[in-house]
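Walk me through this protein model, please.

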Amino acid sequence: VLNLTRAYIAKHQRDVVPLIEKYADEWQMTGNPIYRPMWWLSPSDPVTFTIDDQFLIGDEVLVAPVLEKGAVQRDIYLPDGGFQWQDSRDAQVFDGGTFLQDYPVPLEDVAVFFRRS
């Protein structure tokens, strides 16, 4: 557990903190939130309004944590908007508007996707 905690602290510092700083600057200029609901990128997609267990960091990172105890998979919806999403673990690329059913997420991981133009 200690090694896993250290790894995630390092990952947070390396990957998440710079994004928060970037979008904090945007928030000051525009008022847009740092953490955004799924419909933020696809306001005309009705599916995004039903999702309450995924979120965006800015417009470029989608986070889909596993919330069920002991689960090693989850359903993930990648919003459409004329772009694709890349899995941060294996670099697999999916089209926006894709529903990933029972997508594998190891117990020690979090599903994170990067938006690609």
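**A guided tour from Asp87**

Asp87 sits in strand S5, residues 84-87. Strands here are DSSP runs (E, at least two residues), helices are runs of H or I with at least four, and both are numbered from the N terminus. The model is predicted, so local features need pLDDT of at least 70 and side-chain atom pairs pLDDT 80 or more, while totals for chains, interfaces and linings use all residues. Residues are numbered from 1 along each chain as its sequence is written, and side-chain values use heavy atoms, without hydrogens and water.

Is Asp87 buried or exposed? Asp87 is buried, at 2% relative accessible area. Buried means under 20%, exposed means over 50%, and partly exposed lies in between (1.4 Å probe, protein chains only). The Asp87 side chain makes a polar contact with the side chain of Tyr103, at 2.4 Å. Such a contact is a pair of N or O atoms within 3.5 Å; within protein, one must be able to donate a hydrogen and the other to accept it, and residues adjacent in sequence count only if both atoms are side-chain atoms. Leaving out residues up to four places away in sequence, Asp87 touches Gln92, Tyr103, Val112 and Phe113. Contact here means heavy atoms within 4.5 Å.

Now the rings. A pair of aromatic rings is described by the distance of the centres and the angle of the planes. Rings of Phe, Tyr and Trp (its six-membered ring) pair if their centres lie within 6.5 Å; planes under 30 degrees apart are stacked, over 60 edge-to-face, and the rest tilted. The count is seven aromatic pairs. Trp39 and Trp40 form a tilted one, with 6.0 Å between centres and 40° between planes. Trp39 is partly exposed at 34% relative accessible area, and Trp40 is partly exposed at 28%. Phe94 and Tyr103 are edge-to-face because their planes stand at 80°, with the centres 5.8 Å apart. Phe94 is buried at 12%, and Tyr103 is buried at 8%. Ring pairs also link Trp39, Trp40 and Phe49 into a cluster.

Last stop: Thr98, in strand S7. Thr98 is partly exposed, with 22% relative accessible area. Its side chain reaches the backbone oxygen of Asp95 at 2.5 Å. Not counting residues up to four places away in sequence, Thr98 touches Ile76, Tyr77 and Leu78. From Thr98 to Leu41 is 57 residues in sequence and 14 Å in space, C-alpha to C-alpha.
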